[in-house]
Amino acid sequence: MQLLDGKKVSEEIKNEIAAEVALMKQRGEKVPHLAAVLVGSNGASLTYVGSKVKTCEKIGFDSTLVSLPEETTEEELLAKINELNNNDAIDGFIVQLPLPKHIDEQKVLNAVDPDKDVDGFHPENFGRMALELESFIPATPFGILQLLERNRIETKGKNVVVIGRSNIVGKPMSLLMSRKAYPGNATVTLTHSATQNIEEITREADIVITALGVPEFLKANMIKAGAVIVDVGITRVADETNAKGYVIKGDVAFDEVAEKASWITPVPGGVGPMTIAMLMKNTLIARERRAKKNK
């Protein structure tokens, strides 16, 4: 068994981006500028946004954090998004999810300029991705593609099972793994909560990508020997024996599955670091596209 080490690969990607940004500075060009909109004070969201801002600093990007109170209205948030859409200094921005319950998430994501939608959540980007046209690929699926590619994992003609049908991971992953490219060209089955006999389906898979959010759902008896396992799940599970009072678990029962798998992502340290690296990559792409357009 070998680890699909997201920490290592994400560092490689961030170093590549930093080198490119250094060249931009040498040429006197504008460096990429990423903004993040945070509504309220959700603990996990604060952590995620904080690490994105730190990464920007580390690789030489400009960054802006727009922090809004919990009681911000939908209209006020939409006005702020419109402001960012029209701000030429900003190349890309994200709206940190989840949003407070009184705000319509889809309406907000639809309001983001597709050319600045570095999360890849806008319907225009999703549609272009589905049609295999130039688009922003959502950061987590983009990260998984990079993990597979940089570890030279064969996907052509392979049987891939995706567990979970979210718009952020499951659905885009199923489209990307079946596209006519590498990584891709696989035969993909998308499974979810209504799938019957899921164990029979996963046991046939050469590659399993699980994004369910159910701790240790995938057990060793659900995979075949030599399968490649990508675990997107990340859940805090209460544990009084741990100083923090919780442990982080993925969707995969790691210890038992690792004994049968050929490759597996750890949790944490697998897909998570890749997501932030690919958000930075999308922001660099956004900057390059804008520079091209302005010529």
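Predicted model: local features only at pLDDT ≥ 70, side-chain atom pairs only at ≥ 80, totals over all residues.
- Setting aside neighbours within four places in sequence, Thr191 is in contact with Val161, Val162, Ile163, Gly164, Arg165, Ile198 and Ile201.
- Val208 belongs to strand E7, which covers residues 207-210.
- With a relative accessibility of 0%, Val208 counts as buried.
- The contacts of Val208, again leaving out neighbours within four places in sequence, are Val161, Ile163, Thr202, Leu218, Val228, Ile229 and Val230.
- Val161 and Ile163 turn up among the contacts of Thr191 and also among those of Val208.
- Sequence and space can both be checked for Val208 and Val108: they are 100 residues apart along the chain, and their C-alpha atoms are 32 Å apart.

**Helix H7 and its surroundings**

- Helix H7 runs over residues 170-178, and its buried residues are Gly170, Pro172, Met173, Ser174, Leu176 and Met177.
- Those buried residues of H7 pack against H5, H6, strand E5 (159-163), E6 and E7.
- One of these partners, H5, packs with H7 at an angle of about 25 degrees, and the two axes are 9 Å apart.
- Angles under 35 degrees count as roughly parallel, so H5 and H7 are roughly parallel to each other.
- On the H5 side the meeting residues are Phe126, Met129 and Ala130, and on the H7 side they are Lys171, Pro172, Leu175 and Leu176.
- By type, the contact of H5 with H7 has six nonpolar residues, no polar ones and one charged.
- Pro172 and Leu176 are on the buried list of H7, and both also take part in the meeting with H5.

**Helices H1 and H2**

- Helix H1 (residues 6-26) and helix H2 (residues 43-59) have axes that come within 9 Å and cross at roughly 50 degrees.
- H1 and H2 are therefore oblique to each other.
- H1 brings Glu11, Lys14, Ile17, Ala18 and Val21 to this contact, while H2 brings Thr55, Lys58 and Ile59.
- The residues of the H1 contact with H2 divide into four nonpolar, one polar and three charged.

**Cis peptide bonds in loops**

- Leu97 and Pro98 are joined by a cis peptide bond, with omega about 0 degrees.
- Pro98 sits in the loop between strand E4 (92-95) and helix H4 (105-111).
- Val267 and Pro268 are also joined by a cis peptide bond, here with omega about -5 degrees.
- The loop that holds Pro268 runs between strand E11 (263-264) and helix H10 (271-294).

- Glu132 is not a glycine, yet its phi is positive, at about 60 degrees.
- The loop between helix H5 (123-130) and helix H6 (139-150) is where Glu132 is found.
- Is Glu132 buried or partly exposed? With a relative accessible area of 47%, Glu132 is partly exposed.
- Asn197 is a residue other than glycine with a positive phi, near 50 degrees.
- Asn197 has its place in the loop between strand E6 (187-191) and helix H8 (198-202).
- The relative accessible area of Asn197 is 45%, which means that this residue is partly exposed.

**Aromatic residues**

- How many aromatic pairs does a search of the whole structure find? The search finds zero.
- Charges over rings do occur: the charged end of Arg236 sits over the ring of Tyr246, 4.4 Å from its centre.
- Likewise, the charged end of Arg289 sits over the ring of Phe136, at 4.5 Å from the ring centre.
- Phe254 lies in helix H9, which covers residues 254-258.
- Phe254 counts as partly exposed because its relative accessibility is 28%.
- Not counting residues up to four places away in sequence, Phe254 touches Leu3, Ile264, Thr265 and Pro266.
- Phe254 and Leu218 are 36 residues apart along the chain, and 8.6 Å separates their C-alpha atoms.

How values were computed: Residues numbered from 1 in each chain as written. Heavy atoms only, no water. Axes fitted to C-alpha atoms, helices over the stretch in contact; angles between N-to-C directions. Helix = DSSP H or I, 4+ residues; strand = E, 2+ residues; numbered from the N terminus. Parallel < 35°, antiparallel > 145°, perpendicular 65-115°, else oblique. Contact = heavy atoms within 4.5 Å. Nonpolar A, V, L, I, M, F, W, Y, C, P; charged D, E, K, R; others polar. Phe/Tyr/Trp six-rings, centres within 6.5 Å; stacked < 30°, edge-to-face > 60°. Lys NZ or Arg CZ within 6 Å of the ring centre and 35° of its normal. Buried < 20%, exposed > 50% of the residue type's maximum accessible area, 1.4 Å probe, protein only.
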